[in-house]
Amino acid sequence: MAAISAADDIPIPVRRALRLIEAHPSVERVTAERIEGSDAVRAMVEIRTELPNAWRAAGESPSGVRAVEPVTFIFTAGYPLGAPLIRLRADFNRSHPHIQPLRNGGPPEPCLVAGSPREVLRVRGIGGLFEQLVDWLDKAAMAQLIDPEHGWEPVRRDGIDDVIVADPTWLTGLPTRDGGCAAFAAWYYASDRGDLVTYRMEVPQGEKLPLRPEMADQWWFEPVGARGRRGITNALVAWSGKLPTGRPFVADRYLPETVTTIDELLKRAAELGCREFLEPKLGILQERVSQSKFKEKQPIAVILLARRPFEVIGTTSPIEICPYVVELRGGEALSSGSGKLVRTATHRDEVSPELLRRAAGDDGQALRPWTLLGCGSIGSKLAVHLARSGRGPAALIDDGILQPHNFARYATLPSDTKVESFWSIPKAHYLAEALATLKQPTVPHVVDVVARAFDDQSITPLVARDSFAVVNTTGSASVREALVLPGVTVDRPRVVEACMLGIGSVGLMSVEGPAANPSATDLICEAYRLIHSDPTLRNEVFNTKAEAIAIGQGCAAITMPLSDGRLSSFSAPMSEHIRRLQRDGLPETGEVLVGSLAADGLNQIWHRKDIRPRIVVGDGTDSVVRLSPEVDDTIRREVAARRGSETGGIIVGRYSDVANVFHVVGTMPAPPDSKFSRDEFVLGTEGLRPMLEDLIEGSGGALYALGTWHNHLVPSGPSRKDVKTAALLSIRQYFPLLMLIHTPAGYVHFTAEALSGAASSHSAVVKVAR
């Protein structure tokens, strides 16, 4: 039963909370009263803990938790927007994990949630927050606030003002078998708020430094603004060694953070097994600064590395980092009994790929690198998205120069000096400088890949060693064609392509198959076929009027009108897919992914299709046909349906005059007036023209008829009539006409092309690739 004095003076939201707390089965009694002279309410809640019978008879657990624990709730005027303050009794055992540090003493505060109690209150209400408290007390009673399977709970340092930044991988790698203490260079920034000076210090990875006599003379500082200063200093890092048994010293007892003086620091160092290494170094430091007179307090960092019995939560190391700050004024003693004050600090990771990987939800392990081709809008977005996940590109390739309009969608911001508008800065170099700030160095190459490929030069020197993929974001057909030239595909990684189609409403990704089969050009043809088969996508990609906006004077000063937000809405999922490919491996086949954005700009849908290897017809001495397995399946069905007779139809795709390759991705049925017999197939013309026009107009010219296919009943090459027919048909088109013949032994193909008004033809025979 709640004994609430002056109930009318207690705000209704607080009375409502107390009523809910009182109803909890673990609550024995609730009393509450106004705090005199304020709008706050103090409530005393007596909570019955779940102690085993033997402990309940004694009244408390071995860990110091009583059978009934009095807990104080203080509801300030900000409740219910803000969470109540929760305090344990003043003599509660502070050696439990998950207790917040208190600079000025006072009753201990349990750490109930990893995040903000205020957010828990908003999501789960006061009942959810109270349930967390009950669970905390029960675990404290059983000494189960640290779960070995979950990891060692580091000492709470919430709310501490001084911060020491250092790479944890480097720090936790310093301890040796014999123990020690080393000095390192450090720098600091001091902020003077009048009543409080706070420090932010960084200890960068570096070589150990001797504490020379002139050490203090090398310290310096300079003012920053009206209330700040920055300077250089030193840090002492100490760690434990081995026990007489030869085993490493392990600090397996949880201790709350209570260090406020040099004596307490040395006592804590002893508890962590490193006092014998730290104390002599402090003595040398005292000797070095004994005659110095500092104009301002000089901070030094002291970092104790505690070896725990198992890995610290959130890390892969058993080493816990315990940092402190000592302010020197010159002529002061740093030895035991000096009473010198020590400030407790908190550690923060330095920006590093490992930190970014953990923040992104990765396990932190290093994976194979990747190379970015194209440092424009999408390329820069993908690079920065992945770099912020600790997975930035190891090499950049782009021959373009950064222009002012690029910043409408570029992943980085222009400099304060706007130097980009006046100097010809390569995009690759500009992006490389941005990635370097995330501690991910990358090698920029200002190279025209197309020119290099057509000069029969390998792109291997441009690709980062052991890259799992080359990510092409240029959207350039020329680059795509160059990447699949025979001399280029020999030694390069597989290509992942990412680009946008239409006016920013469709995104496209593709992943080459092993050995570039299917290749990047095969995949773009398949993508065009998939888009053409979807009326909505077709309208977005192929029937959208070309638009451009002027960004200067001159015929080349145009770019696609597209907001940064819309581009980012596609580049974000693209980057996630690349990260998944890097982590899980490339697929065993090729793949095409097409994403579309709804008119509201919010709903986005991606469709993925596996693309099987091409059937390659031709030995490469002349033209080559790269045949879709789906087309092969269609042809086989048509042949099987007309046993004992020749049949045929129209083949659809694209022709690459660069590589002299026909990419066949579809077929059209023979017109109804076609003739089928044992001796020949004659392609009809009824309804053919509108069918071809629909194909070309419906795909924006991306797909078109390449020629025809028909079958022979016996293994054979083209007949005289085939050649004659091809020669006649070739006069009607301005690229080689493809004639594909299916035989029981495989495929035969030949081409016919009209040049200067005359038709010429040649043929090649190969077995079908299976």
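How many cavities of 30 Å³ or more does a search of the whole structure find?

A: The model is a predicted one, and a search of the whole structure finds one cavity of 30 Å³ or more. Rolling a probe the size of a water molecule over the atoms shows where empty space is left. About 50 Å³ of space lies in the largest cavity. Its lining consists of Val155, Arg157, Arg253, Leu255, Glu257, Arg268, Leu272, Arg308, Cys322 and Tyr324. By class, five of these lining residues are nonpolar and five are charged, with no polar residue present.

The open space comes next. The largest pocket has a volume of about 1,500 Å³. It is lined by 43 residues, of which Glu153, Pro154, Val312, Ile313 and Gly314 are the closest to the centre of the pocket. The elements that each supply at least two residues of this lining are helix H3 (117–141), helix H4 (168–172), strand S14 (319–328), strand S15 (343–349) and helix H7 (353–359). In terms of class, the pocket lining divides into 15 nonpolar, 15 polar and 13 charged residues.

Salt bridges form a further topic. The structure holds 37 of them. One joins Asp349 to Arg358, with the closest N and O atoms 2.3 Å apart. Asp349 is partly exposed, at a relative accessible area of 23%, and Arg358 is also partly exposed, at 34%. Another salt bridge is formed by the side chains of Asp362 and Arg391, at 3.0 Å from N to O. Asp362 lies in the loop between H7 and strand S16 (371–373), and Arg391 in the loop between helix H8 (377–387) and strand S17 (395–397), so this pair ties together parts that are 29 residues apart in sequence. Because buried means under 20% relative accessible area, Asp362 counts as buried at 12%, and Arg391 counts as buried at 4%.

A salt bridge also links the side chains of Arg636 and Asp632, again with an N to O distance of 3.0 Å. These two residues are four apart in helix H16 (residues 629–641), and they are therefore separated by about one helical turn. Arg636 is partly exposed, with 30% relative accessibility, whereas Asp632 is buried, with 7%. Elsewhere, Arg66, Glu69, Arg89 and Asp91 are linked in a network of salt bridges.

Methods
Residues numbered from 1 in each chain as written. Predicted model: local features only at pLDDT ≥ 70, side-chain atom pairs only at ≥ 80, totals over all residues. Heavy atoms only, no water. 1 Å grid on protein atoms, 1.4 Å probe; cavity = no way out; pocket = protein on both sides within 12 Å on 5 of 7 lines; lining within 4 Å. Points joined across faces, edges and corners; volume = space filled by probe spheres on them. Nonpolar A, V, L, I, M, F, W, Y, C, P; charged D, E, K, R; others polar. Salt bridge = Lys/Arg side-chain N within 4 Å of Asp/Glu carboxyl O. Buried < 20%, exposed > 50% of the residue type's maximum accessible area, 1.4 Å probe, protein only.
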